[in-house]
Amino acid sequence: MSDRREPSFLGENHLLGSPIACTLFEKIRNLPIVDAHNHADVSEIVDNRPWSDFWQVEGAVDHYVWEMMRRRGVPEEKITGGASNHEKWLALADVFPQLVGNPIYEWIHLDLKRRFGIDEVIRPSSAEAIWQETSARLAEPEMRPQQVLEAMQVEVMCTTDDPTVHLPHHERARDELAQLRILPTWRPDKAMNIELDSWRPLVDRLGRETEFDTSTLEGFERALTATHEYFRHMGCVASDHGLTVPWGHRVDQAKAAAVHASAFAGHRPDHDDVADYQAYMMRFFAHLNADADWVMQLHIGAVRDYRDRLFDTLGQDSGGDVSDQQIPIVEPLGQFLNTFDGRLQVVLYCLDPSHQPSLTTVARAFPSVSLGVPWWFNDSPFGIETHLRYIASVDLLANSAGMVTDSRKLISFGSRTEVFRRVLCDVVGEMAERGRTPIPEAIDLVTAVAYDRPKALFFGG
């Protein structure tokens, strides 16, 4: 009989495969969190009202959870429909044992363990007890949003915001929160996605709010510039852009103006017009960012709203997006990066794993380009490990942009960050175990990736 001990679920050595990895993690586990990209609701933080129940904090806004529930046959009524939060939680718990291997299995269990002090495994038999105990804990003052963020040592966080001249909750956060910086991020996707129905309403709204004539490209640019300046006044340090294809070719202003006028008049642009307009706008955004000394984040490769039935019934951000390995990256991105070489810090986020080699070698060629954390479908322990190993062997881990949570729910900031830091320490720890690096350098590297590098890149050190 073997005397090897069975690993404990989420124990101290969770995801850490060597003694050196454990040592490295102890060095960085309590570092503050600097999160340069998330989808948090700032009103939830500044209002600081207590959460009502476990589904509200774990499932109500998380399309990762929704997708896994659908995969296990849970009816939509108990996911995004009219069922009570209690019923939705019981439905999630009923299928939770089948989610082993998916990162949400570990994240939610880590949330239970770290935030609620509950070691119970989520199963149908434990669901009601977990519901009752978490409900009781959520009624305690230390479990309100601001207190939870403080307990997780969140130092600064950047939300994701449409270009608008009104950020009242960020203004409250700036004036009322002493220990936490909450900064907006300028996300003008709707301004360049001229082919979507959301484009014209945004154009009209910006015209009303800024009092520029946005029916023309010139007026639209002035309106966007005004919102960019307002975001800068509010402390913004970065823009963010969701791009299916990173079009970066040079487009004449007259051509872009004609496409703008045609779309404003109600005509649907063709594929070439869309590509030209997006390329023009991305260069316009980049000029604004370079002048403001902002970091420009590019999230590349998502094909949005792929499942028609889901989009038709629930709309955007409901769990119907996919990746596409066939999109062009190197040529269009190269045209953009060469134009702004040395003038603009750019962070590239990889959605499809097949794009990893291209994006890594692109970053290697440009000192002002950094690789972001594994994104979306890749933010599992496996995806993070693969990402880090490839960067370390082809580019430099020390030049990576570090961890962002990309989370819509505050309760998971800590668990997502912990998983990333554990995998980071496992990868670098293995290098040290195999004699590839001295331990002091390994400590410096994991500290830089976990905290120093993202803080310096986005927030100036």
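**View 1. Thr360 within helix H17 of the predicted model.** Thr360 is placed in helix H17; helices (H or I, at least four residues) and strands (E, at least two) are DSSP runs, numbered from the N terminus. The model is predicted: local features need pLDDT of at least 70, side-chain atom pairs count only at pLDDT 80 or more, and totals for chains, interfaces and linings use all residues. Residues are numbered from 1 along each chain as its sequence is written, and side-chain values use heavy atoms, with hydrogens and water left out. With a relative accessible area of 0%, Thr360 is buried; buried means under 20% relative accessible area, exposed over 50%, and partly exposed in between (1.4 Å probe, protein chains only). Not counting residues up to four places away in sequence, Thr360 touches Leu371, Tyr390, Ile391, Val394 and Asp395, where contact means heavy atoms within 4.5 Å. A polar atom of the Thr360 side chain lies 2.8 Å from the backbone oxygen of Gln356. Between Thr360 and Val449 there are 89 residues of separation in sequence and 16 Å in space, C-alpha to C-alpha.

**View 2. Ala365 in helix H17.** Helix H17 covers residues 356-365, and Ala365 belongs to this helix. Ala365 is exposed, its relative accessible area being 55%. The C-alpha atoms of Ala365 and Ser262 are 38 Å apart in space, and the two residues are 103 apart in sequence.

**View 3. Asp341 in the loop between helix H16 and strand S8.** The loop that holds Asp341 runs between helix H16 (330-339) and strand S8 (345-350). Asp341 counts as partly exposed, at 42% relative accessibility. Phe366 and Ser368 are touched by Asp341 when residues up to four places away in sequence are not counted. Ser368 is 27 residues from Asp341 in sequence, and the C-alpha atoms of the two are 7.1 Å apart in space.

View 4. Most residues other than glycine have a negative phi, and most peptide bonds are trans. Asp305 is found in the loop between strand S6 (302-303) and helix H15 (308-314). Trp376 likewise has a positive phi, near 65°, and lies in the loop between strand S9 (369-371) and helix H18 (381-394). Trp376 counts as buried, at 9% relative accessibility.

**View 5. Gln278 and its partners.** Gln278 is part of helix H14, which comprises residues 271-292. A relative accessibility of 10% places Gln278 among the buried residues. The side chains of Gln278 and Asn193 are joined by a polar contact of 3.2 Å. A polar contact is a pair of N or O atoms within 3.5 Å; within protein, one must be able to donate a hydrogen and the other to accept it, and residues adjacent in sequence count only if both atoms are side-chain atoms. Apart from neighbours within four places in sequence, Gln278 is in contact with Met192, Asn193, Glu195 and Trp247.

**View 6. His109 in helix H6.** His109 is located in helix H6, residues 103-116. This histidine is buried, with a relative accessible area of 3%. Leaving aside neighbours within four places in sequence, the residues in contact with His109 are Phe9, Leu10, Phe96, Glu120, Val121 and Ile122.

**View 7. The buried residues of helix H5.** In helix H5 (residues 85-95), the buried residues are Lys88, Trp89, Ala91, Leu92, Ala93 and Val95. They pack against helix H3 (54-58), helix H4 (63-71) and helix H7 (127-138).

**View 8. The whole protein as the setting for the close-ups.** The secondary structure comprises 20 helices and nine strands. The protein is as compact as a globular protein of 461 residues, because its radius of gyration of 23 Å is close to the 23 Å given by the globule rule. This radius is taken over C-alpha atoms, and the rule is 2.2 Å times the number of residues to the power 0.38. The C-alpha trace spans about 75 × 55 × 45 Å along its principal axes. Of the 461 residues, 57% are buried. Among contacts between residues at least 6 apart in sequence, 78% join residues at least 24 apart.
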